[in-house]
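Hi,

Here is the structure I promised to pass on to you.

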Amino acid sequence: MKLLYTTSKLGVGERIYQAKRVTQEPRADVPEKIRSISGANKRRHSSGSESEPEEDPSSSEEEEEQEQDPEKSSGSAVNAAEKAEEGVGKAEAEQPPAAPSAPVPQAAPSRAPCQPAVFIPVDRTPEIQEARLKLPILAEEQVVMEAINENPIVIICGETGSGKTTQVPQFLYEAGYASSNSTIGITEPRRVAAVSMSQRVAKEMNLSHREVSYQIRYEGNVTDETKIKFMTDGVLLKEIQKDFLLSKYKVIIIDEAHERSMFTDILIGLLSRIVPLRHKKGLPLKLIIMSATLRVEDFTDNTRLFSVKPPVIQVDARQFPVTVHFNKKTPLDDYSGECFRKVCKIHRMLPAGGILVFLTGQAEVHSLCRRLRKAFPYQKNNSAGGEDDKEDSVEEIRKFKKSRKRRKVLALPKIDLNSYSVVPVDEGDEDRDIDSDDDAAGSDLDLDLGDGDSGEDEKSDSSLPLFVLPLYSLLAPEKQAKVFRSPPAGTRLCVVATNVAETSLTIPGIKYVVDCGKVKRRFYDRITGVSSFRVTWISQASADQRAGRAGRTEPGHCYRLYSSAVFMDFEKFSAPEITKRPVEDLILQMKALNIEKVINFPFPTPPPTEALAAAEELLIALGALKEPPTTGRLKEQLAAKLSCPISPLGRVMATFPVAPRYAKMLALSRQHDCLPYTITIVSAMTVRELFEEFDRPAVSEEEAAQLKGKRARFLQMQKVWAGQGPMQKLGDLMVMLGAVGACEYAGCTRSFCEENGLRYKAMLEIRRLRGQLTTAVNSVCADAGLYVDPKMKPPTEAQVTYLRQIVLAGLGDHLARRIQAEELLDDKWKNAYKTALLEDPVFIHPSSVLFKELPEFVVYQEIVETTKMYMKGVSAVEPEWIPALLPPYCHFGKPLENPPPSYCPGTGRVLCHRPSVFYRVGWQLPAVEVDYPEGIERYKHFARFLLEGKVITELSSYSKCLLSSPLIMLKTW
DNA sequence: GAGCACTGC
């Protein structure tokens, strides 16, 4: 079957203003005349617009658009009234407002929210102006702005390429939403997007980075003059913590809302409440949600979120048509092989244009790269590039030398498109065409290729060089960058990628997409938190997104290695992140915003109740939330569930931008100068994949030897970093600390990382995170005086012990105990550990430095299930620490008589030894000294100590004169 | 004795 992915023609799109259909009627409380001003306020206003505010924008505007002078925007065509306003706008833009020149009619509450009657001129270059006019969204400016002016919340739907991200902020700026010292805020789900969008918009508007700025986790260029601010979604969430009403913004745009990232979802929930609050205060805030797909029901039909349905504006995209070809048969498991065959066919038979293949993981990517390179070898004819591509096999190099003599200029196949029909019919194994009525796609001929093997693909063919590149997130950035450069002359680019290429990275020049239809996802067990990775089918939206990657620069083709029937069985959208992940970090953030009844929060899609309960339970155990009452009426107890308020400790923890378990470690580390070490360990645990992977299969013997050498070197270093003697008990966390310490000591250079098996990018991220955490800790305790020391000394033995205790206090729910010999019933429990929540055995991961040690008690960073359940990031724990540091997880028995209770003169407390068991699993724990439990017995002991003169030492001389021994106080009467 | 996609504070 042949389906058309998108059919809009360049620049001219039919316009749908769904707002008129989807949304509520125009607000009754808005006088007609005021609404019409929004029409008159436009540069290309028509004289009729004042009386015809509902005029269809697509009918009358067309010609005006053609006539429009690029210079117009500099102000020449603005009518007199607007010119007057412009003066105001200019004054505001260039100097602090002398007087509140009320462009925003905040004083009139009965009126439609915020109607800036200003026009801020922008001086764009003619080239920019011309390029802008091609963007479909530009034709919708009036519709968009009218909707925004008249509604507090607007949803804009437009696929990639509609220009909404770059243009809507400019519309708002021109309409005065950045005047009076306020800001237009735009959130992006990725850092690169925030940075690059700010740069592009600054350039388009001919403004400096002081006015169009960005803010991401570690850096930004925001100034007092900033008018348009791009930021990552997490940054805005943090800002809400400081200023709940976001008073410096007049508009917030949430971009890429369809991706449904966790922070985006929370922001939308929060903003749904902030917008009405701001309205009440007479300082209206506009919320614009921008989404690529039509997946907006979660927003529009969610009355808890938005009681009034926000209008939805749909904008066309300037995408080229992509013809979608489905396989007739769906390969059961060898999708990788099917990819190979499909790429071979495309490369042999179809015209020039890059190929992008979607696979699921690194190993698959590398193996397909090898196969393709073997089939269509490409050899560099000049080594001047200096880049040695280690993935080129020895064999290929040998072949290259052989063939050099008869080497001609490499060229792409010049196939006769009309002779395509000579392909045997039985190979045309695809779903047969449903007629595509799109000319643009048809012009590229019928490019169905059929599935299955034609049998000759494996033969090496050096006359058809294919420039094959791998692409995945963990690939070193300099290797990633290769895909953005144009391939060597005479070759065809073929990028074999994971899901990074779906949203995060856009590769230029892709004409063919090969989509295996699968994705590797991380799954979390909602109760135990154990994660695993599974390869699953993608969603329809995801498949369309992948297909769209073929139509960025010209019409393209997408080959789906599954049938249209299978496609129809895909879920429409993948589930929002918030429903699939542990949410303890989010809940802590929300509690810090004093949202106690998290269950009542207007989530666009709420997380499962079990996830909320697990999060609340963990936060209580960490001491971040106040414990709910365990006495009183059952009803009250239930009501208190999931509504615990935050504790002072929780507030401190919420200021640290790391997972709550790690935040707890930071909060504890003031003692014994452990902070710099805890900060480093926490940073290292937060950044993923510190170490290079050497276990991947090698291409050649040479490479195998190289990998072996690197691996040996790394294992050696691992031993060094793990420390000596008792220090080794900090386990994998000691390795992290040692690795980061050594790397920083050496100046955190790329070469040091490469030599020692460290991921350079990870080390840079750790360095920045250490900086951020150091600042955060300093701002909590001003006298800490911390700084990031590149020459940080290793911790002392005593400090390592404290660090182990700190780690235990944070990872209390991640405690595991080794199966004792006498408990060993089944061989599958050999070397195994038991945890509180899991029935099944868990094991220390073989990569752990404690793999052979097998301490009785360990804590782990995470459990990942592969062939077994493996604990990663393991650290050893002394049994007696458990009751002392994790009282919430221990059930204590009666105070022991031996050793006897004692009095602590320093603190004035009555102490005793109590045995305990670990919750749920009932492990016997050593008796430790704790406060004597509340009750009459405690007072009896106190009375005895008082009489003995231990409380007031002066009394000790009298104790002998007492008629009875002070011990009589303990008697039961 | 191993094999992890992607991203934000």
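First, some ground rules. This is a predicted model, so local features need pLDDT of at least 70 and side-chain atom pairs count only at pLDDT 80 or more, while totals for chains, interfaces and linings use all residues. Residues are numbered from 1 along each chain as its sequence is written, chains are lettered from A and ligands numbered from 1 in the order in which they are written, and side-chain values use heavy atoms, with hydrogens and water left out.

**The DNA**

Let's start with DNA strand B. It has 37 residues around it, and the closest are R217, S473, R711, T866 and K872 (a residue is near a strand if one of its heavy atoms lies within 4 Å of it). Of the atoms of DNA strand B that come within 4 Å of the protein, 57% belong to sugar and phosphate.

What makes up this surface by class? There are twelve nonpolar, eleven polar and 14 charged residues. For the classes, Ala, Val, Leu, Ile, Met, Phe, Trp, Tyr, Cys and Pro count as nonpolar, Asp, Glu, Lys and Arg as charged, and the others, Gly among them, as polar.

- K520 has a polar side-chain atom 2.6 Å from a phosphate oxygen of DNA strand B.
- H845 has a side-chain N or O atom 3.0 Å from a phosphate oxygen of DNA strand B.
- E689 has a polar side-chain atom 3.0 Å from a base oxygen of DNA strand B.

Two or more residues of the surface near DNA strand B come from each of α9 (233-242), α10 (262-280), β14 (518-524) and β21 (869-877). The largest share, three residues, is from α9. Those labels are DSSP runs numbered from the N terminus: helices are H or I with at least four residues, and strands are E with at least two.

**Aromatic rings**

The whole structure has 18 aromatic pairs. Rings of Phe, Tyr and Trp (its six-membered ring) pair if their centres lie within 6.5 Å; planes under 30 degrees apart are stacked, over 60 edge-to-face, and the rest tilted. F714 and W721 are an edge-to-face pair, 6.3 Å centre to centre with 65° between the planes. F714 is buried at a relative accessible area of 9%, and W721 is buried too at 4%. Here buried means under 20% relative accessible area, exposed over 50%, and partly exposed in between (1.4 Å probe, protein chains only).

Y889 and Y919 have ring centres 5.0 Å apart and planes at 45°, so this pair is tilted. Why does the pair tie together parts that are 30 residues apart in sequence? Because Y889 lies in the loop between α31 (881-885) and β22 (890-892), and Y919 in the loop between β24 (909-918) and β25 (924-931). Y889 is buried at 7%, and Y919 at 10%.

There is also a cluster of F326, W537, Y562, F567 and F570, linked by ring pairs. The charged end of K518 sits over the ring of W537, 4.3 Å from its centre. K868 does likewise with F843, at 4.2 Å from the ring centre. To count, NZ of Lys or CZ of Arg must be within 6 Å of the ring centre and within 35 degrees of the ring normal.

**Cysteines**

C369 is buried, with a relative accessible area of 1%.

Ten of the ten residues of helix α6 (residues 141-150) are buried, so α6 is largely enclosed by the rest of the structure. Among them are E141, V144 and I148.

N898 and P899 are joined by a cis peptide bond, with omega about -5°. P899 is in the loop between β22 and β23 (902-904).

S180 is not a glycine, yet its phi is positive, about 50°. S180 sits in the loop between α7 (164-174) and β3 (183-188) and is partly exposed at 31% relative accessibility. L246, another residue other than glycine, has a positive phi near 50°. L246 lies in the loop between α9 and β6 (249-254) and is buried at 1%.

Cheers

Definitions and conventions: Polar contact = N/O pair within 3.5 Å; in protein donor to acceptor, adjacent residues only side chain to side chain.
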